[in-house]
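Here is my note on the two-chain model. Please read it with the structure open.

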Amino acid sequence: MKTENQKAWFFVLPVLILVAFNALIPMMTVVNYSVQETFGDNLFFWEGLTWFENLLRSERFHAALGRQFLFTFLILIIEVPLGIAIAMSMPRKGIWVPFCLVIMALPMLIPWNVVGAMWNIFTLPDIGLMGYFLNHVLGISYDMTQNVFAAWVTIIIMDVWHWTSLVVLLSYAGLVSIPEAYYQAAKIDGASNFAVFRFIQLPKMKNVLTIAILLRFIDSFNIYTEPFVLTGGGPGNSTTLLSIDLVKIALGQFDLGPAAAMSLIYFAITLLVSWLFYTLMTKDDVRS
Amino acid sequence: MQKRSIVTITYIVFLLLPIYWLVAMSFKPTNEILGGFSLFPQTFTLANYKVIFTDPTWYWGYINSIIYVTLNTLISVAVALPAAYAFSRYRFLGDKQLFFWLLTNRMAPAAVFALPFFQLYSAVGLFDTHLAVALAHTLFNVPLAVWILEGFMGGVPKELDETAYVDGYSFPRFFVTIFVPTIKAGVGVAAFFCFMFSWVELLLGKTLTSVAAKPIAATMTKTASSAGYELGLLAAAGTLTIIPGAIVIYFVRNYIAKGFAMGRV
């Protein structure tokens, strides 16, 4: 049981100051910009909620948001089941376990722009391994700089390559925490493989899976560098996800007001969905 | 059993293929890369690596990255340790709200902060310093370190603290000489995650630097676009960025999952 102690605030003070400096001041800057118009020279004019109204009606924003939700949705429905399947097929003990763990964690340790560059090299139509194989061995016409479908498939496969291991590692940690006796009891009862999965393995993985889904949601929703390096948002605007569009407006066109309004809406959506996950997680904690 | 290993092996091959291609390309001269497809380097060359190790704009990129990543890891773990202790041992006014607020900073898209960070760190005179990037990365690393450490600390029985006080230990002495060594696995995992997320991040690192503290990731994008299609060089630089990660991962291999689960497996 935790004891009540208001002096604990002194322990969290350094964290509070550091994170507040990094989070509150920039956030106030964003709020400030979001209600003003600037023509440079530090001249600002009050705009009220104009940027928000424009943005909510803007087709460009709707399109980017739509692409972002589609991307995140595809990532979740591919990576989560795939990650569980791979975790279940991994060896539980023996000399191969550390080998598997290290290889699987490796993609997550590679700088994000290197991931993009690596996949760029890998998918070049005539000289990349995957591009050459598809075009010249399988005879499928593949060029992600020209074809929208190919570009989408490529960024999805890249993300699956990059982050499925997160789901694998977390599910695996849940699986190895199941005592051997559970499996023996299931065997005596004559339970099918599916029943073992449904009633023993899945409940044990539930907590770690919630965290995996939460992290995959946040990171795929905020993704910027990898698709930016790989496709540059193209062909056309077909892979311009929300962050890419935002950086284009803020740093490319220097439209501070609209970019700030977009930042706030973007953050609000991430926060809202994450809060839903968080409540679901803590609700389960209370029950169990 | 056979079918199971096939799934694992297929996945590992899938993970290794793009990495193999990057490494293979780093040993090829540029005209071989552009000349046509070859599965293995036909003319094996170390020229690409030689460029990186002899040109200061290249190798300083690595040094800069390592400096700010190390600084960030030290700062994040140092401030997170007492905070995590407070969250795991005490109830205090606003603790849950504060914890959730910390959590929200892990959710903020880096793109949202790019421009305000540029202005903030320019205003306080830290623009283009290693400290600026190290401090900016604490935005997502401090909350992460707090959760991970809090998870590990929750597993340490409170009796440990009480016994130490009975034995006449002061709090600072207990914390440094007994408590922190007890959760050193957790400290290692938290440090690993701070290292990882600071090492892989590019957007903020690029925005907050121009010359003096430019990270390797930014050096790569600039050189790649200005020098045209120097794929071999790009591949060599990319290969070298994998090595630090591969080294640190080996040390925490058994704790990675626990870290991702914020210590709550």
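What distance separates the centres of domain 1 of chain B and domain 2 of chain B, taken over C-alpha atoms? The first point answers this, after a word on conventions. This is a predicted model, in which local features need pLDDT of at least 70 and side-chain atom pairs count only at pLDDT 80 or more, while totals for chains, interfaces and linings use all residues. Residues are numbered from 1 along each chain as its sequence is written, and chains are lettered from A and ligands numbered from 1 in the order in which they are written.

1. **Domains of chain B.** The centres are 31 Å apart. The domain assignment gives domain 1 (1-45) and domain 2 (49-260); such bounds come from an automatic or database domain assignment. Eight residues from domain 1 of chain B and seven residues from domain 2 of chain B make up the contact. Two residues are in contact if their C-beta atoms, placed from the backbone, lie within 7 Å.

2. **The domain 1 side of that contact.** Helix 1 (2-26) and helix 2 (30-35) of chain B each supply at least two residues to the side touching domain 2 of chain B. Helix 1 of chain B gives the most, with four residues. By type, this side of domain 1 of chain B has five nonpolar residues, two polar and one charged. Here Ala, Val, Leu, Ile, Met, Phe, Trp, Tyr, Cys and Pro count as nonpolar, Asp, Glu, Lys and Arg as charged, and the others, Gly among them, as polar.

3. **Chain A against chain B.** The interface brings 74 residues of chain A into contact with 80 residues of chain B. On the chain A side, the largest share comes from helix 1 (residues 8-34) of chain A, with 14 residues. That side divides into 55 nonpolar, 16 polar and three charged residues.

4. Strand 1 (residues 3-4) of chain A pairs with strand 1 (residues 90-91) of chain B, in the parallel sense and over two bridges. Strands pair if DSSP finds at least two bridges between them. A:T3 has B:Y90 as its bridge partner.

5. **Helix 7 of chain B.** This helix (residues 130-154) has 25 residues. Its first and last C-alpha atoms are 34 Å apart, close to the 36 Å expected at 1.5 Å a residue; the expected span is 1.5 Å times one less than the number of residues. Helix 7 of chain B bends by about 50 degrees at B:L139, and B:P143, a proline, follows within four residues. The bend is the angle between axes fitted to the seven residues ending at a residue and the seven starting there. Of the 25 residues in helix 7 of chain B, 23 are buried (20 or more other C-beta atoms within 10 Å of the residue's own; exposed is 12 or fewer, partly exposed in between; C-beta atoms are placed from the backbone).

6. **A positive phi.** B:D128 lies in the loop between helix 6 (110-123) and helix 7 of chain B. Its phi is near 65 degrees, positive in a residue other than glycine. Most residues other than glycine have a negative phi. B:D128 is partly exposed, with 15 other C-beta atoms within 10 Å.

7. **Chain totals.** Chain B has 14 helices and one strand; chain A has 12 helices and three strands. Helices (H or I, at least four residues) and strands (E, at least two) are DSSP runs, numbered from the N terminus. Buried residues are 50% of the 265 in chain B and 42% of the 288 in chain A.
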